[in-house]
Amino acid sequence: MSDLAAITQKITAAVGENSGLGKIVKLDFGDDGKILINAANVPNVVSNEDGPADTTVVVSIDNLKALAQGQLDPMMAFMQGKLKIMGDMGIAQKLVPLLKG
């Protein structure tokens, strides 16, 4: 299973039917693919499609793994340019607990 597939599966399980995000969030891994979390509707849908989002988080898969494992602090990653957020920062902050584990 690819890293993208494994991460997509983990996020799908974390998001569940209703994550409470209420928005569309995209994780953009560049050449490694994308994960689109459509939490604007219930049930929430997680896919590897590309599309418009309220918030886009640009991060490498390696840095996402480090964030999820607590080895990389989200604020430090943002300040160091390892994590870029376009759109609503509040939504991105709500996403962090879903990525843990």
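## Lys34 and its surroundings

Leaving aside residues up to four places away in sequence, Lys34 touches Leu4, Lys26, Leu27, Asp28, Phe29, Ser47, Asn48, Glu49 and Asp50, where contact means heavy atoms within 4.5 Å. This is a predicted model, in which local features need pLDDT of at least 70, side-chain atom pairs count only at pLDDT 80 or more, and totals for chains, interfaces and linings use all residues. Residues are numbered from 1 along each chain as its sequence is written, and side-chain values use heavy atoms, with hydrogens and water left out.

Lys34 is located in strand β2; helices (H or I, at least four residues) and strands (E, at least two) are DSSP runs, numbered from the N terminus. Lys34 has 19% relative accessibility and therefore counts as buried. Buried means under 20% relative accessible area and exposed over 50%, with partly exposed in between (1.4 Å probe, protein chains only).

## Helix α4

Helix α4 spans residues 89-99, and its buried residues are Ile91, Ala92, Leu95, Leu98 and Leu99. Seen down the axis of α4, these residues fall within an arc of 95°, so they line one face of the helix; the arc is that of the directions from the helix axis to the C-beta atoms. On the other side of α4, Gln93 and Pro97 are exposed.

The elements covering the buried residues of α4 include α1 (3-15), β2 (34-38) and α2 (61-68).

## Helix α2

In α2, six of the eight residues are buried, so this helix is largely enclosed by the rest of the structure. The buried residues are Ile61, Asn63, Leu64, Ala66, Leu67 and Ala68, and their cover includes α1, β4, α3 (74-79), β5 and α4. After α2 comes Gly70, whose phi is positive, near 75°.
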